Amino acid sequence: MKKILIANRGEIALRIMKTCQKMGIETVAVYSDADEGLPFVKAADYAFRIGEAPVAKSYLLKDDILNIAVRENVDAIHPGYGFLSENTEFAQAAEAKGIKFIGPKSETLAIMGDKVAARKTMKEAGVPVVPGSSGLADMDEACAYASEIGYPVMLKASGGGGGIGMQRCDDEEALKKSFTSVKARAKAYFGNDDVFIEKFISEARHIEIQLFGDEFGNVVHMFERDCSVQRRNQKVVEESPSPHLSEATREKMCAAAVAAAVHAGYINAGTIEFIVDEEENFYFLEMNTRLQVEHRVTEGITGLDLVEWQIRTAAGEKLPFLQPEITKEGHSIQFRLYAEDPVKFIPSPGLIKAFTFNEMDGVIVDCAYAEGDTVTPFYDPLVAKIIVTGENRPDALAKAEAFLNGVKIEGIKTNLPLFLTILSNSQFKKGTYSTSFLQTAVLA
């Protein structure tokens, strides 16, 4: 591959560009009016305006993006995560034009990108699945099913991901109140308003397995990531290895994830997410058929470049390593720095007047913005990802605390104070937290 269009924005666009530059591949960026002048636009070899600020008028314009790809004679499109990364029609349209879609095949996207269809596939593969519904025709059917399996339940967007289009409902009143808004949010973000219901499992841990497959039938895992530190079903802190998971369960989960990917004929990067209860029973939650926001955590413990693997796999190469050759060392943890009020947890758009930090060995900062840039209200308020890797978990946590105390950001409010509170929490230090940790132990 000599030229790749990146159908995304912000830090993930920059992250992909860094690997492309290392591999000698030219990059094409697309940007909205709100993003003109941001670091990812400046870093690309070529950059083209795609539309107005709202995502529906820019980053979701499939035909416009493909027209640029054809005009620029690119070899492939990397969708990053979010936006069109799991859009079957977009992948099919790219394939039809002879452009590689850096991800799984479009037919796999159609199955695994739809959460209801993915649940069915996992059952066929023998993977335990959280009790839940198929698609729901209307609110009455949703209420009837929730009453049958018992509250609380999770109302989810079938085509969703990243915690978007997901709502816990503790009773019928809450379900009725959320039904219309979740469908509307799903339609706005994913172009698909189908929803389904799953039984809510309390005191659970959210563990995901990083997978890779190639066109020759090889599938490997790259161990797990613990994503249990969440607020409103969105991940805030992720780490690997999971600090409170037995080796026996870890091995079973990795084996189940690989078996599921083999059953699905999976190619390229993917992640299977599991919910693990207090007895370490684990259940399939969803499969993300794309690169994850937290992929850097896996890179930290394996020393591998997952974006490079994506590009090489999409180009038809075999996986560079098979399972026995993939090892882990040390401990890695990621913090998602958001432009938001650290108390009210509402977005805090505005001009970034200062953004400085001290460089430190073992710390990577993937920035979406630079000093002097403006965070607009049109997109996810992620400002940067801070990834810290140490010799072991105590070393990583100590290094993280020292680094975060040295971050200076002015002009916008951020959740930086929340990270320092988490790091000082005794439960987090022990690694015994669950998905309710933030609500019950930190924000209560």
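This is a predicted model: local features need pLDDT of at least 70, side-chain atom pairs count only at pLDDT 80 or more; totals for chains, interfaces and linings use all residues.
Good morning. I begin with a pair of helices. Helix 7, residues 139-149, packs against helix 8, residues 172-190, at an angle of about 145°, and their axes lie 10 Å apart. The crossing of helix 7 past helix 8 is right-handed. On the helix 7 side, the contact is made by Met-139, Ala-142, Cys-143 and Ala-146. These meet Glu-172, Leu-175, Lys-176, Phe-179 and Thr-180 of helix 8. Sorted by class, the contact comprises six nonpolar residues, one polar residue and two charged residues.

I turn now to the nonpolar cores. In soluble globular proteins, nonpolar side chains tend to be buried together. In this model, the largest nonpolar core contains 78 residues. The residues with the most contacts inside that core are Phe-40, Val-229, Val-237, Phe-335, Phe-355, Val-383 and Phe-428. Helix 1, residues 10-22, supplies the largest share of this core, namely six residues. There is also a second, separate core of 24 residues, with Ala-118, Val-219, Ala-257 and Ala-261 among its members.

Setting aside residues up to four places away in sequence, Val-383 touches a list of residues including Leu-337, Ile-352, Phe-355, Asp-366, Tyr-369 and Ile-412.

Where is Thr-376 found? It lies in the loop between strand 18 (374-375) and strand 19 (382-390). Thr-376 has a relative accessible area of 16%, and is therefore buried, the cut-off being under 20%. Apart from neighbours within four places in sequence, Thr-376 is in contact with Ala-34, Pro-349 and Tyr-369.

My last topic is the aromatic residues. How many aromatic pairs does the structure hold? There are 13. One of them joins Phe-355 and Phe-357, whose ring centres are 5.8 Å apart; the planes stand at 65°, so this pair is edge-to-face. Phe-355 is buried, at 11% relative accessibility, whereas Phe-357 is partly exposed, with a relative accessible area of 30%.

Tyr-433 and Phe-437 form a tilted pair, with 5.7 Å from centre to centre and 45° between the planes. Tyr-433 is buried, at 2% relative accessibility, and Phe-437 is also buried, at 0%. Finally, one aromatic cluster is formed by Tyr-59, Phe-83, Phe-378 and Tyr-379.

Thank you for your attention.

Technical notes:
Residues are numbered from 1 along each chain as its sequence is written. Side-chain values use heavy atoms; hydrogens and water are left out. A nonpolar core is a set of buried Ala, Val, Leu, Ile, Met, Phe, Trp, Tyr and Cys residues joined through side-chain atoms within 4.5 Å. Buried means under 20% relative accessible area, exposed over 50%, partly exposed in between (1.4 Å probe, protein chains only). Helices (H or I, at least four residues) and strands (E, at least two) are DSSP runs, numbered from the N terminus. Contact means heavy atoms within 4.5 Å. Axes are lines fitted to C-alpha atoms, for helices over the stretch in contact, and angles run from 0 to 180 degrees between N-to-C directions. A crossing is left-handed if the near helix is turned anticlockwise from the far one by less than a right angle, and right-handed if clockwise. Ala, Val, Leu, Ile, Met, Phe, Trp, Tyr, Cys and Pro count as nonpolar, Asp, Glu, Lys and Arg as charged, and the others, Gly among them, as polar. Rings of Phe, Tyr and Trp (its six-membered ring) pair if their centres lie within 6.5 Å; planes under 30 degrees apart count as stacked, over 60 as edge-to-face and the rest as tilted.
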